[in-house]
Amino acid sequence: MNAILNVIWLVLCGIWMAIGYVVAGIICCVLIITIPFGLASFRIAGFALWPFGRRVVDRRDAGVFSLIGNIIWIIFGGLWLAIGHIVTGCLLCITIIGIPLGLANFKMVPVSLIPLGREIVPVP
């Protein structure tokens, strides 16, 4: 079932979201000081491409620099990304067929809001 939902997700919105996150990651990696944000964008792009069957967990080894980076991320883009995922998720949940896709958008809110110190793992 996860494979079917991932293919539907990929065709309808996953590819565009992943491309957006990859472009943002490339821009962040060009600027030397924002490389951690670029790496986080690449990680989110992989999750946006194939979200079903995976989840986001906190990393235990994340330190104070992750906290500072997340505060900067929230101010400059994380809040808008989270709002975008929430609005898109609500719009997708209007139809019965779009409910699983809307829930996948809601699942992406925490990692788009606070990406540093998080890890994407397969669901057991």
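Modeller: Let me start with a definition: rings of Phe, Tyr and Trp (its six-membered ring) pair if their centres lie within 6.5 Å, and planes under 30 degrees apart count as stacked, over 60 as edge-to-face and the rest as tilted. The model is predicted, so local features need pLDDT of at least 70 and side-chain atom pairs count only at pLDDT 80 or more, whereas totals for chains, interfaces and linings use all residues. Residues are numbered from 1 along each chain as its sequence is written, and side-chain values use heavy atoms, with hydrogens and water left out. A search of the whole structure finds two aromatic pairs.

Colleague: Why is the pair of Trp 9 and Phe 52 called edge-to-face?

Modeller: The ring centres of Trp 9 and Phe 52 are 6.4 Å apart and the planes stand at 85°, which set against the limits of 6.5 Å and 60 degrees makes the pair edge-to-face.

Colleague: What makes this pair a tie between parts that are apart in sequence?

Modeller: Trp 9 lies in helix H1 and Phe 52 in the loop between H2 and strand E1 (54-58), so the pair ties together parts 43 residues apart in sequence; helices (H or I, at least four residues) and strands (E, at least two) are DSSP runs, numbered from the N terminus.

Colleague: How do you know whether Trp 9 is buried or exposed?

Modeller: Buried means under 20% relative accessible area, exposed over 50%, and partly exposed in between (1.4 Å probe, protein chains only). Trp 9 has 0%, so Trp 9 is buried, and Phe 52, with 11%, is therefore buried as well.
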